[in-house]
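Subject: The structure to look through

Hi there,

Here is the structure I promised to pass on.

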Amino acid sequence: MDPKNPNSQTTDSQEPVYQVMPQSDSYQSPQAPEAAASAMKTPLSAPKPLPPQPTGPFSGLPHEEGPSMWHNRRLLAIIGGAALVVSALVIVLLMNPFKKDDDQAANTPVTKLPKIWLQQYFNKEVCDDQAVCGDAADADSDGLANYDEFIADTSPINRDTDGDGLADGDEVNIYKTDPFLKFTDRRDVAVQNNFTDGVEIKAGYDPLTPGLKLTDNRKAQIAADTAIYKLHEPTITTLGVQPTTPPPAAPEAKTVTVTIENNALNPGSVTINVGDSVVWLNKDAVKHHIASDPHPSHTALPGFESVDLNVSQTYSFKFTKAGTWGYHDHLNPSIKGTVIVK
Ligand SMILES: [Ca+2]
Ligand SMILES: [Ca+2]
Ligand SMILES: [Ca+2]
Ligand SMILES: [Ca+2]
């Protein structure tokens, strides 16, 4: 309103008046009085975005779009950078170092055994051989896995931790006695007479019911659990029982061939088991006749005698009687051989 006061409110209708009536040297523009005042107050300050100062119909456009474009570019740069960082993170996460760690973690069985326990018995805090120090391994073959030994407080490298003649695993799984107590029957009489768990079981007494014999129920339970878990040493030796594994099958009967060539036996002596057979093969043009000693009665081993063998003919005899059997060629008694049957 007041032409002498640039800070006063103006109206569009008054603009032409201001443009032709400058009031002082400090007067810059009636449209930017505040900017002018600001510039005067901080002449050395860094330029900062100012309101547009239109001097023409299009003069303000670059000043309006410049900062906006710069802002957009900065925004684009930030977004692009963020995308790059995210991409890099994804790539890194998918790359081998972490994957290898994951694989290693997956390949490393989870152990429930404390490091101090592993150190005590296997001299290592981290088990590197699951067949020896793994939770499920039975390092001392006493029927008790390592982790179960840890629970039972027994030694994983001593089959009979309490020295009562019963394997740790057999005490836990079969006899239900204390594998850490030589006398589960805690009476003085048991201790004084060295009635260990093994001694009591062998004598038919039950260490769980001091002074009493094994009941039928207990015998049935022990028999059932023995069938499941099997006995281990030293239990087998202590109780004088046979291992539950069946005896090895009798070896299969075999046949040994003896050739007769150039009037000689090859081999001249054979060793076989009862039930095995020997086959004589004549490779000579002349006839041979295998027969039991002595010559000429052939009575040492009745039935052990061939017919005359022509070339390429054979004679087979099954030896069912242990002994050392001499024989000869009935047609040439100087040809002698021996069959040792065990
Ligand atoms: Ca064991
Ligand atoms: Ca043990
Ligand atoms: Ca024991
Ligand atoms: Ca015991």
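Predicted model: local features only at pLDDT ≥ 70, side-chain atom pairs only at ≥ 80, totals over all residues.

Residues are numbered from 1 along each chain as its sequence is written, while chains are lettered from A and ligands numbered from 1 in the order in which they are written.

**The overall picture**

The protein has twelve helices and eight strands. Both kinds of element are DSSP runs numbered from the N terminus: helices are H or I with at least four residues, strands are E with at least two. Of the 342 residues, 21% count as buried. Buried here says that 20 or more other C-beta atoms lie within 10 Å of the residue's own; exposed is 12 or fewer, partly exposed is in between, and the C-beta atoms are placed from the backbone. If you take the contacts between residues at least 6 apart in sequence, 42% of them join residues at least 24 apart. A contact is a pair of residues whose C-beta atoms, placed from the backbone, lie within 7 Å.

**Two sheets**

Strands of a sheet pair through backbone hydrogen bonds, either parallel or antiparallel. For two strands to be called a pair, DSSP must find at least two bridges between them.

One open sheet has four strands in the order S2-S1-S4-S6, with mixed pairing. Its edge strands are S2 (264–266) and S6 (314–318), each pairing on one side only. From one strand to the next, the twist averages 20 degrees. (Angles run from 0 to 180 degrees between N-to-C directions, and the axes are lines fitted to C-alpha atoms, for helices over the stretch in contact.) S1 and S4 are parallel and share six bridges; Thr259, for example, has Leu281 in S4 as its bridge partner.

Another open sheet of four strands runs S3-S8-S7-S5, again with mixed pairing. S3 (269–272) and S5 are at the edges with a single partner strand each, so one side of each is left without a neighbour in the sheet. S5 and S7 (residues 323–329) are antiparallel and joined by three bridges, with Ala291 opposite His328 in S7.

**What is packed inside**

Which residues have the most contacts inside the largest nonpolar core? They are Val258, Val278, Trp280, Ile290, Tyr315, Tyr327 and Val339, in a core of 13 residues. A nonpolar core is a set of buried Ala, Val, Leu, Ile, Met, Phe, Trp, Tyr and Cys residues joined through C-beta atoms within 7 Å. Strands S1 (255–261), S4 (277–282) and S5 (290–292) each give two or more residues to this core. A second, separate core has five residues, including Leu166, Ala167, Tyr175 and Ile201.

Back to Val339: leaving out residues up to four places away in sequence, Val339 touches Val270, Ile272, Val278, Phe319, Trp325 and Tyr327.

Helix H8 (residues 168–175) is mostly covered, with seven of its eight residues buried. Among the elements covering those buried residues are H7 (146–152), H10 (197–203), H11 (216–229) and H12 (235–239). Now, is H11 itself buried or in the open? Of its 14 residues the number buried is zero, so H11 lies largely in the open. H11 reaches 20 Å from its first C-alpha to its last, close to the 20 Å expected; that expected span is 1.5 Å times one less than the number of residues.

**A loop residue that is buried**

Thr184 is in the loop between H8 and H9 (188–192). With 24 C-beta neighbours inside 10 Å, Thr184 counts as buried. Its contacts, not counting residues up to four places away in sequence, are Thr177, Asp178, Asp197, Pro207 and Leu208.

Most residues other than glycine have a negative phi, and most peptide bonds are trans. Here are some exceptions to look up. The bond from Glu233 to Pro234 is cis, with omega near 5 degrees, and Pro234 lies in the loop between H11 and H12. His295 and Pro296 are also joined by a cis peptide bond. Asn123 is not a glycine, yet has a positive phi of about 60 degrees.

Cheers

How values were computed: Contact = placed C-beta atoms within 7 Å.
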